[in-house]
Amino acid sequence: MEAPRPLIGVLALQGDVREHLAALRAVGAEAMPVRRQSELDAVDGLVIPGGESTTIVKLAHSFELFEPLHKRIAEGMPTYGSCAGMILLADRILGGVAGQDTFGGIDMTVRRNAFGRQVESFEEPVPVEGIDGGPVTAVFIRAPWVEEVGPDAQVLARVEAGPAAGRIVGIRQQHLLATSFHPELTGDARVHGYFLQMVREAEQPPAKSGE
């Protein structure tokens with residue numbers, strides 16, 4: 001019998017919600033928008049899309065989702081943040097609004113709008129560790145980058161060329177994944193496939209001693 005497909009939510013307060021839902025469905029996940037705690041409680045994993053990080057936080061508080069989401073992330077729910085979502089999974093922010101909240105979870109320092117204004121948006125092929133088939137096309141729109149990482153965080157992707165060469169734009173820490181770029185805008189769903197595999201692995205019960 002075919003195993004049930006994981007149900008992955010997309011935080012639907014702002015950003016490229018529809019595009020993330022389409023990418024998740026393309027790789028074999030069930031996907032649904034999340035605006036309420038009951039919807040958050042139902043999902044096996046969550047995508048936090050791009051947008052404006054301060055606005056997403058304000059809306060999360062308004063919808064009474066901030067604390068439940070913070071709690072589920074801390075308890076191990078697989079979560080993927082793209083662009084603003086990366087900022088919201090960071091433990092520390094540079095260039096943020098004074099006192100800006102994040103959901104946190106990844107031991108990293110992220111610089112907001114590090115790549116410049118929206119008119120300076122660009123695309124670039126970026127190899128991502130753990131993703132086969134060559135570099136992914138990374139779309140950067142007012143994107144952050146990672147200034148520093150802690151010992152538990154694994155760097156997955158760096159910019160390879162241009163003035164930002166060497167900057168960290170993909171990272172994972174246990175059940176959390178974050179990218180500076182927007183894979184949902186390219187038609188290449190491999191990053192979403194990688195996240196789907198993270199969700200499936202999190203659903204597997206731990207092996208019993210001796211197995």
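Before anything else, a term I need: a polar contact is a pair of N or O atoms within 3.5 Å, and within protein one of them must be able to donate a hydrogen and the other to accept it. Also a reminder to myself that this is a predicted model.

**Entry 1: His-182**

I started with His-182, which sits in the loop between β12 and α6. Which side chain does His-182 join through a polar contact? I found Glu-184, at 2.8 Å.

Next I asked myself: is His-182 buried or exposed? Its relative accessible area is 5%, so I wrote down buried, the limit being under 20%. Then I listed what His-182 touches, skipping residues up to four places away in sequence: Asp-16, Gly-50, Cys-83, Val-139 and Ile-141.

**Entry 2: the largest pocket**

I looked up the largest pocket and got about 230 Å³ of space. It has 16 lining residues, and those closest to its centre are Gly-51, Glu-52, Cys-83, Ile-141 and Arg-142. Two of those names, Cys-83 and Ile-141, were already on my page as residues that His-182 touches. How does the lining divide by residue kind? I noted 5 nonpolar, 7 polar and 4 charged.

**Entry 3: aromatic pairs**

How many aromatic pairs does the structure hold? I got 3, and I took notes on a couple of them. A pair of rings is described by the distance of the centres and the angle of the planes, so those are the values I jotted down.

Tyr-80 and Phe-195 form a tilted pair, 6.0 Å centre to centre with 45° between the planes. This pair links distant parts of the chain: Tyr-80 belongs to strand β4 (residues 79-82) and Phe-195 to helix α6 (residues 190-203), 115 residues apart. Tyr-80 counts as buried because its relative accessibility is 0%. Phe-195 is buried too, with a relative accessible area of 0%.

Phe-140 and Phe-181 make an edge-to-face pair, with 5.9 Å between centres and 70° between planes. Here again distant parts of the chain are linked, 41 residues apart: Phe-140 is in strand β8 (residues 136-140), while Phe-181 is in the loop between β12 (176-179) and α6. I put Phe-140 down as buried because its relative accessible area is 1%. Phe-181 comes out at 0%, so it is buried as well.

**Entry 4: the cavity**

I counted 1 cavity of 30 Å³ or more. The largest cavity holds about 40 Å³ of space. Which residues line the largest cavity? My list reads Val-128, Ile-131, Leu-156, Leu-177, Thr-179, Phe-181, Val-191 and Tyr-194. So Phe-181 from my aromatic notes turns up here as a lining residue. Both β12 and α6 supply at least two residues of this lining. By kind, I have 7 nonpolar, 1 polar and no charged.

**Entry 5: Phe-103**

Last stop: Phe-103, in the loop between β5 (90-94) and β6 (106-111). I marked Phe-103 as buried because its relative accessible area is 3%. What is Phe-103 in contact with, leaving aside neighbours within four places in sequence? I wrote Ile-48, Ala-60, Phe-66, Leu-69, His-70, Ile-73 and Leu-88. I also checked Phe-103 against Gly-162: they are 59 residues apart in sequence and 31 Å apart in space, C-alpha to C-alpha.

Definitions and conventions: Residues are numbered from 1 along each chain as its sequence is written. This is a predicted model: local features need pLDDT of at least 70, side-chain atom pairs count only at pLDDT 80 or more; totals for chains, interfaces and linings use all residues. Side-chain values use heavy atoms; hydrogens and water are left out. On a 1 Å grid over the protein atoms alone, a cavity is a set of points where a 1.4 Å probe fits but cannot get out, and a pocket is an open set with protein on both sides within 12 Å along at least five of seven lines; lining residues have an atom within 4 Å of a point. Grid points are joined across faces, edges and corners, and a volume is the space filled by probe spheres set on the points. Ala, Val, Leu, Ile, Met, Phe, Trp, Tyr, Cys and Pro count as nonpolar, Asp, Glu, Lys and Arg as charged, and the others, Gly among them, as polar. Rings of Phe, Tyr and Trp (its six-membered ring) pair if their centres lie within 6.5 Å; planes under 30 degrees apart count as stacked, over 60 as edge-to-face and the rest as tilted. Helices (H or I, at least four residues) and strands (E, at least two) are DSSP runs, numbered from the N terminus. Buried means under 20% relative accessible area, exposed over 50%, partly exposed in between (1.4 Å probe, protein chains only). Contact means heavy atoms within 4.5 Å.
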